[in-house]
Amino acid sequence: MPDLWGTIDEIAAETRFSGVVRVDGPDGTELLASYGYADRAYRIPVTPETRFGIASGTKGLTALTVVSLIDEGRLALATPAREILGDDLPLIGDDVTVEHLLAHRSGIGDHIDEDDDLDLDDYLLDVPVHRLATAEDHLPVLDRRPPKFSPGERFSYCNSGYVVLALLAERVTGTPFHELVDRRVCLPAGMSETAFLRSDEPDDRTARGYLRADGLRTNVLHLPVRGTGDGGLHTTVADVHALWTSFTSGRVVPQAWVEEMVRPRSDPPEHRERYGLGFWLAASGSAVILEGGDTGVSFRSVHDPEAGTTHTVVANTTTGAWPLARHLADTLGG
């Protein structure tokens, strides 16, 4: 593995990076570096143990939660969402299945449609964020959004689809989604520092999300007060590494399901990567990817099971992770 330290430090200084970088090889951790402040007002520095939001990186854990229910027979890939939603969200068609939702091929209307030209520094939610603490709380946000295309027709990244998956998981189990993720993914993976935290209950172990590389304006008014199926988890780079290790070894869902989740379902021309079920896949090769970006959050983690390598970058700014993530992808792959 190349010597990365000098270049990483240079890029971090040039971009005023605030976050953590971790690189692991077959023989262990090759690089672990932290930069900037977790809380600028109180000048609390970022450490390797700081928890960060991972935005849509959460979708991988949502997919694992749902697949664990499929493995138990409580859901199926072919289960129609309508069968469980009842009278809620009537614009979701009868032919939309769990598999369509997992693969971003459902065609349902999205409350934050990434096909639009979004400004993440804007206020994108049309209900007060303090009212969004559970999956059920999102029903008014998801409602009355017409479909974009017929299920299965094509790939279109859909945040609403993963909130619907959280609703389905809750309803078939009778258990709050946050508890399901903890029991079915975090505990078997050994992710002891990972949780859906409330933004109105800050602590000194979790980074505040900032809109820009400088300034004190945070993302507290931009995101749901507590996340759900499409985003909002907070975690550490060590827990991310634990997730990859446990997922690829079949400790979260059986190995047959691991292979099914990383089987390409789509190769969208507008994206650099392919997509499976809950995970991005490198354009070629075996690398599996989780990434997320939102107001005050940027995250990318790449695991290559064949090479035995993992590299993760997480930042508490809207775009801060991307220069380092691109450098690691160019250098190490993914």
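1. Serine 106 is buried, with a relative accessible area of 3%. Buried means under 20% relative accessible area, exposed means over 50%, and partly exposed is in between (1.4 Å probe, protein chains only). Serine 106 sits in the loop between α4 (98–102) and α5 (139–142). Helices (H or I, at least four residues) and strands (E, at least two) are DSSP runs, numbered from the N terminus. Setting aside neighbours within four places in sequence, serine 106 is in contact with Val96, His100, Leu101, Phe149, Ser150 and Pro151. Contact means heavy atoms within 4.5 Å. The side chain of serine 106 also reaches the backbone nitrogen of isoleucine 108, at 3.3 Å. That is a polar contact: a pair of N or O atoms within 3.5 Å, where, within protein, one must be able to donate a hydrogen and the other to accept it, and residues adjacent in sequence count only if both atoms are side-chain atoms.

2. A word on the source. This is a predicted model, in which local features need pLDDT of at least 70 and side-chain atom pairs count only at pLDDT 80 or more, while totals for chains, interfaces and linings use all residues. Residues are numbered from 1 along each chain as its sequence is written, and side-chain values use heavy atoms, with hydrogens and water left out.

3. Next, aspartate 95. Aspartate 95 lies in the loop between α3 (81–85) and α4. Its relative accessibility is 49%, so aspartate 95 counts as partly exposed. Beyond its neighbours within four places in sequence, aspartate 95 is in contact with His100 and Pro151. Aspartate 95 and histidine 234 are 139 residues apart along the chain, and their C-alpha atoms are separated by 34 Å.

4. Two packed helices are described by the angle between their axes and the distance between the axes. Take helix α2 (residues 58–71) and helix α6 (residues 159–173): their axes come within 10 Å and cross at roughly 35°. Axes are lines fitted to C-alpha atoms, for helices over the stretch in contact, and angles run from 0 to 180 degrees between N-to-C directions. The crossing of α2 and α6 is left-handed. Left-handed means that the near helix is turned anticlockwise from the far one by less than a right angle; clockwise would be right-handed.

5. Which residues make the contact of α2 with α6? From α2 come Lys59, Thr62, Ala63, Val66 and Leu69; from α6 come Asn159, Tyr162, Leu165, Ala169, Val172 and Thr173. By class, that contact has seven nonpolar, three polar and one charged residues. Here Ala, Val, Leu, Ile, Met, Phe, Trp, Tyr, Cys and Pro count as nonpolar, Asp, Glu, Lys and Arg as charged, and the others, Gly among them, as polar.

6. Valine 172 lies in helix α6. At 25% relative accessibility, valine 172 counts as partly exposed. With neighbours within four places in sequence left aside, valine 172 is in contact with Leu69, Arg74, Leu75 and Ile84.

7. Aspartate 71 lies in helix α2. Aspartate 71 is partly exposed, with a relative accessible area of 41%. Apart from neighbours within four places in sequence, aspartate 71 is in contact with Pro254 and Trp257. Its side chain makes a polar contact with the side chain of tryptophan 257 (3.3 Å).

8. Now the interior. In soluble globular proteins, nonpolar side chains tend to be buried together. The largest nonpolar core has 73 residues, and those with the most contacts inside it are Leu64, Leu102, Val164, Leu168 and Met261. The largest share of this core, eight residues, comes from α6. A nonpolar core is a set of buried Ala, Val, Leu, Ile, Met, Phe, Trp, Tyr and Cys residues joined through side-chain atoms within 4.5 Å.

9. In helix α10 (residues 322–332), Leu324, Ala325, His327, Leu328 and Ala329 are buried. What covers them includes α1, β1, β10 (297–304) and β11 (309–315). Just after α10, glycine 333 takes a positive phi of about 100°.

10. Most residues other than glycine have a negative phi, and most peptide bonds are trans. Arginine 16 has a positive phi, near 55°. Arginine 16 lies in the loop between α1 (5–15) and β1 (19–25), and counts as exposed at 52% relative accessibility. Arginine 144 also has a positive phi, near 65°. Arginine 144 is in the loop between α5 and α6, and counts as exposed at 63% relative accessibility.
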